[in-house]
Amino acid sequence: MFRNVAELVELATSKNKKISDLMIEQEAEVTGRSREDVLAMMDRNLTVMEQAVERGIKGVKSHSGLTGGDAVLLQKYIEKGSFLSGETILDAVSKAVATNEVNAAMGTICATPTAGSAGVVPGTLFAVKSKLNPTREQMVSFLFTAGAFGFVVANNASISGAAGGCQAEVGSASGMAAAAIVELAGGTPAQCAEAMAITLKNMLGLVCDPVAGLVEVPCVKRNAMGAANAMVAADMALAGITSRIPCDEVIDAMYKIGQSMPSALRETGQGGLAATPTGRELEAKIFGIPLDKRE
Amino acid sequence: MKYKSVFDIIGPVMIGPSSSHTAGAARIGRVARSLFGREPKWATISFYGSFAKTYKGHGTDVALIGGLLDFDTFDERIIEAIEIAKKSGMKIMFIEEEAITDHPNTARVLIGDDQGELELVGISIGGGKIEIIELNGFELKLSGHHPAILVVHNDRHGAIAAVTNILAQEKINIGHMEVSRKEKGKMAMMTIEVDHNIGDEILKKLEQLPNVLQVTKIVD
């Protein structure tokens with residue numbers, strides 16, 4: 001059983017195993033389920049993710065009307081071929097957006113690690129899929145690697161926006177995705193940890209300030225940038241760049257930052273973007289409350 | 001460790017938009033339903049902290065009622081849960097509490113019918129995972145991820161040993177156990193999380209023990 005990233009990397013390196021394999025073994029041991037059952041369960045989650053992306057890139061609209069349709073715009077833009085950044089990264093962004101647009105529309109998604117951050121991991125997975133051509137089994141493994149890093153964050157810090165801000169949700173999701181991309185691309189367990197550290201460092205301090213308390217603005221676009229962050233950090237780690245602050249210490253810093261965040265910035269819809277004039281106006285419009293009646 | 005399974009992280013499969021405020025709320029409602037053992041005729045739900053501020057936007061209200069109707073996190077009927085509940089005659093009230101609780105996502109669920117009532121406090125700790133921290137005035141810790149039984153008993157010597165003895169005879173391993181009481185010598189409760197499902201026959205044996213008043217099961 002691994003308790004932190006250092007133990008996870010040490011275990012994988014000494015046993016010459018992939019992080020996904022360790023996660024599968026631990027899951028089977030802890031739950032008493034067979035390896036086949038554990039793999040089949042994750043395969044079902046992968047199917048849910050695929051369906052959400054497919055639905056999202058065709059275009060959905062949330063009940064509030066705040067979000068929907070951006071994944072479509074981005075896919076059309078990619079098709080035109082005149083983009084500046086890169087096809088894989090934009091594809092990841094559009095698929096992350098697609099998933100979160102479906103989530104905002106009360107569609108079916110798989111929380112990774114939460115619903116509000118559910119776009120990042122599948123978004124990056126389905127984008128690198130066209131580049132690396134993984135087998136179905138490797139795609140399932142991707143989710144176990146992401147899960148292993150999320151498992152450490154959840155147990156040592158938090159994956160809840162109400163407890164730790166958006167850094168705990170999209171921040172964790174991005175770190176998990178970066179680590180999983182590295183493993184799928186053939187990187188070492190140590191490089192996975194570096195990718196996670198680099199990603200999370202760039203998400204520290206991110207507050208949870210949803211407009212009208214809805215998981216829409218800015219959540220959908222935070223998933224977009226979370227996916228982009230993960231892709232770049234994975235490339236950096238694969239290039240051999242390391243984080244000066246070890247991954248476990250970054251996770252710990254994230255936890256402590258979360259604890260010192262005021263409640264207005266932890267999923268209460270009271271501060272940050274939610275408290276901007278436009279944020280308040282949207283809230284009043286959606287819930288039919290006149291602005292002067294608001295607390 | 002709060003999170004034990006990779007599927008706490010990659011999962012649950014759920015209806016959006018929030019794992020803590022939608023899926024977690026559905027699970028809190030479903031535990032209450034399971035403990036109550038039938039569909040309640042009325043429900044008074046108090047929301048605290050982030051739940052109180054954002055429950056409308058997150059569908060926390062519909063999800064919790066969905067749970068009371070025994071819907072799972074991925075059941076699409078959650079979206080219409082309040083209408084479904086009202087159609088079957090359930091009286092529903094939501095209260096936005098101002099009090100500060102230890103956890104920002106806290107819900108107090110009071111349900112009942114003419115046969116009885118049940119009060120439960122649940123917290124949603126992230127990613128859809130919940131903990132039940134209070135039941136009918138008793139403090140407790142219940143992850144909802146393992147089969148568990150709740151035993152209401154008289155606070156007398158030997159009552160706990162008698163219960164664990166029967167579980168031992170039936171080769172059922174206890175993973176987590178807590179005991180609490182309201183007052184010395186009065187009513188007390190055991191919360192027992194076990195590795196395997198406990199069959200009805202064993203429950204009957206437990207109920208027949210002296211000093212045991214009620215045994216309730218939560219199936220995994």
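**View 1. Where chains A and B share strands**

In which sense do strand 1 of chain A and strand 1 of chain B pair, and over how many bridges? They run antiparallel, and 3 bridges link them. On the chain B side, the strand covers residues 13-15. Look for Cys110(A) here: its bridge partner is Val13(B). Keep in mind throughout that this is a predicted model. The predictor gives the complex an ipTM of 0.96, along with a pTM of 0.87. For chain B, the mean pLDDT is 91, with 97% of its residues at 70 or more.

**View 2. The contact between the two chains**

Here we step over to the interface, where chain A brings 48 residues and chain B brings 35. Together the two chains bury about 3200 Å², and 67% of that sits on carbon and sulfur atoms. On the chain A side, Met106(A), Asn155(A) and Glu267(A) lose the most area to chain B, making up 18% of what that side buries. How many salt bridges cross between chain A and chain B? The count is 0. Polar contacts do turn up, though, with 14 residue pairs counted between the chains.

**View 3. What chain A puts up against chain B**

Several elements of chain A each supply at least two residues to the side that touches chain B, among them helix 2 (19-31), helix 3 (35-58), helix 5 (87-104) and strand 1 (108-110). Which element gives the largest share? That's helix 7 of chain A, with 8 residues; this helix spans 136-156. Sorted by class, the side of chain A that touches chain B has 28 nonpolar, 15 polar and 5 charged residues.

**View 4. A salt bridge inside chain A**

Over all chains, the count comes to 19 salt bridges. One of them is shown here: Asp70(A) with Lys221(A), whose closest N and O atoms are 3.9 Å apart. Asp70(A) belongs to helix 4 (residues 70-80) and Lys221(A) to helix 11 (residues 219-238), both of chain A, so this pair ties together parts that are 151 residues apart in sequence. As background, side chains of opposite charge can pair when their charged atoms come close.

**View 5. A hairpin in chain B**

Strand 9 (residues 174-181) and strand 10 (residues 187-194) of chain B run antiparallel, joined by 7 bridges. To find your way along the pair, spot Ser180(B), which stands opposite Met189(B) in strand 10. The two strands form a hairpin with 5 residues between them. In the turn, Gly185(B) has a positive phi of about 80 degrees.

Most residues other than glycine have a negative phi, and most peptide bonds are trans. This last set of close-ups shows some exceptions. In chain A, a cis peptide bond joins Thr112(A) and Pro113(A), with omega at about -5 degrees. Pro113(A) sits in the loop between strand 1 and helix 6 (120-132) of chain A. Over in chain B, the peptide bond from Gly11(B) to Pro12(B) is cis too, with omega near 5 degrees. Where is Pro12(B) found? Look in the segment before strand 1 of chain B. Finally there's Asn136(B), a residue other than glycine with a positive phi, near 45 degrees. You'll find Asn136(B) in the loop between strand 6 (129-135) and strand 7 (138-142) of chain B.

Conventions
Residues numbered from 1 in each chain as written. Chains lettered and ligands numbered in written order. Heavy atoms only, no water. pLDDT = per-residue confidence, 0-100. Contact = heavy atoms within 4.5 Å. Buried area = accessible area lost by both parts, 1.4 Å probe. Salt bridge = Lys/Arg side-chain N within 4 Å of Asp/Glu carboxyl O. Polar contact = N/O pair within 3.5 Å; in protein donor to acceptor, adjacent residues only side chain to side chain. Helix = DSSP H or I, 4+ residues; strand = E, 2+ residues; numbered from the N terminus. Nonpolar A, V, L, I, M, F, W, Y, C, P; charged D, E, K, R; others polar. Pairing = 2+ DSSP bridges.
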